[in-house]
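The sequence and the structure are shown first, and the description follows.

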Amino acid sequence: MTTGYIKLFDAGANDHRIVRLLVGRGGLFGDRPFRESAFQGFLSPQAEHAVAHGRVELLQLDRKELEAAVRTQTELSVLMAEAMSARAEFLERRLLWQFTSPVRARMAATLRDLVCFDGNRCEHGYTIDVRLTHQDLAELVGAARPVVSAELSRMREEGLIRYDRSYLCVDDLVRLDRIALG
């Protein structure tokens, strides 16, 4: 993908979709390679849904064909390892947040990541072109929507961010980064 992104959802109870991950350029999703022979305890199927936002180019590969190609092509093996490692690192960090970081730090880190993910420089900061509701953001940071809404308001009052229904802009990336790092 050169622009746009894919929002991945897990299907929850009563068809409630929970935002699990945003996938950008080089990201992988779907039935993961090498799964049948490793980690036998984790073979339950996932009810994963994907929604594209913006212009995306998606390459669909058969898992068995991809596994065969990775076994014979070194460059593809490295690319796959890097992509899977990046996703694992993100998910591990997110899990660690749940136990160790306050909501404010998790939100700051998520907003910082979104700037790095698809943020465009604007006249006063960085516009985040990823469309997220307060509920989506709450699911990404592992907090209740009212808590996230209150923290967004606080960050706006402090001059860290600006937002309305159509955009979110980070005005002070340096301070946001300090909050994220605790």
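A residue is called buried when its relative accessible area is under 20%, exposed when it is over 50%, and partly exposed in between, with a 1.4 Å probe and protein chains only. At 25% relative accessibility, tyrosine 126 therefore counts as partly exposed. The model is predicted: local features need pLDDT of at least 70, side-chain atom pairs count only at pLDDT 80 or more, and totals for chains, interfaces and linings use all residues. Residues are numbered from 1 along each chain as its sequence is written, and side-chain values use heavy atoms, with hydrogens and water left out.

## Overall architecture

The protein chain contains six helices and seven strands. Here helices (H or I, at least four residues) and strands (E, at least two) are DSSP runs numbered from the N terminus. Along the sequence, their order is β-β-β-α-α-α-β-β-α-α-β-β-α. Of the 182 residues in the protein chain, 34% are buried. A contact means heavy atoms within 4.5 Å. Among contacts between residues at least 6 apart in sequence, 60% join residues at least 24 apart.

Tyrosine 126 belongs to strand 5 (residues 126-128). Proline 102 occupies the loop between helix 2 (74-100) and helix 3 (103-118). This proline is exposed, with a relative accessible area of 54%. Proline 102 and glycine 182 are 80 residues apart in sequence, and their C-alpha atoms are 8.9 Å apart in space.

The axes of helix 1 (residues 63-72) and helix 2 come within 6 Å and cross at roughly 115°. These axes are lines fitted to C-alpha atoms, for helices over the stretch in contact, and angles run from 0 to 180 degrees between N-to-C directions. Helix 1 contributes Leu66, Ala69, Val70 and Thr72 to the contact, while helix 2 contributes Thr74, Leu76, Ser77 and Met80. By class, this contact has five nonpolar, three polar and no charged residues. In this classification, Ala, Val, Leu, Ile, Met, Phe, Trp, Tyr, Cys and Pro are nonpolar, Asp, Glu, Lys and Arg are charged, and the others, Gly among them, are polar.

Threonine 110 is placed in helix 3. With 7% relative accessibility, threonine 110 is buried. Not counting residues up to four places away in sequence, threonine 110 touches Trp97, Leu137 and Val141.

## Helix 4

Helix 4 is mostly covered, since six of its eight residues are buried. Glutamate 139 is found in helix 4 (residues 134-141), and is buried with a relative accessible area of 12%. What does glutamate 139 touch, not counting residues up to four places away in sequence? Its contacts are His16, Arg17, Ile18, Val19 and Arg94. The helix is followed by glycine 142, which has a positive phi near 75°.

Helix 5 (residues 145-157) has 13 residues and reaches 18 Å from its first C-alpha to its last, close to the 18 Å expected at 1.5 Å a residue. The expected span is 1.5 Å times one less than the number of residues.

| Helix | Buried residues |
|---|---|
| Helix 4 | Asp136, Leu137, Ala138, Glu139, Leu140, Val141 |
| Helix 5 | Val148, Ser149, Glu151, Leu152, Met155 |
| Helix 6 (residues 173-181) | Leu176, Ile179, Ala180 |

The arc is that of the directions from the helix axis to the C-beta atoms. On the other side of helix 6, Val174, Arg178 and Leu181 are exposed. Just after helix 6, glycine 182 takes a positive phi of about 75°.

In helix 5, the buried residues Val148, Ser149, Glu151, Leu152 and Met155 fall within an arc of 165° seen down the axis, so they line one face of the helix. On the other side of helix 5, Pro146 and Glu157 are exposed. Glycine 159, which follows helix 5, has a positive phi near 80°.
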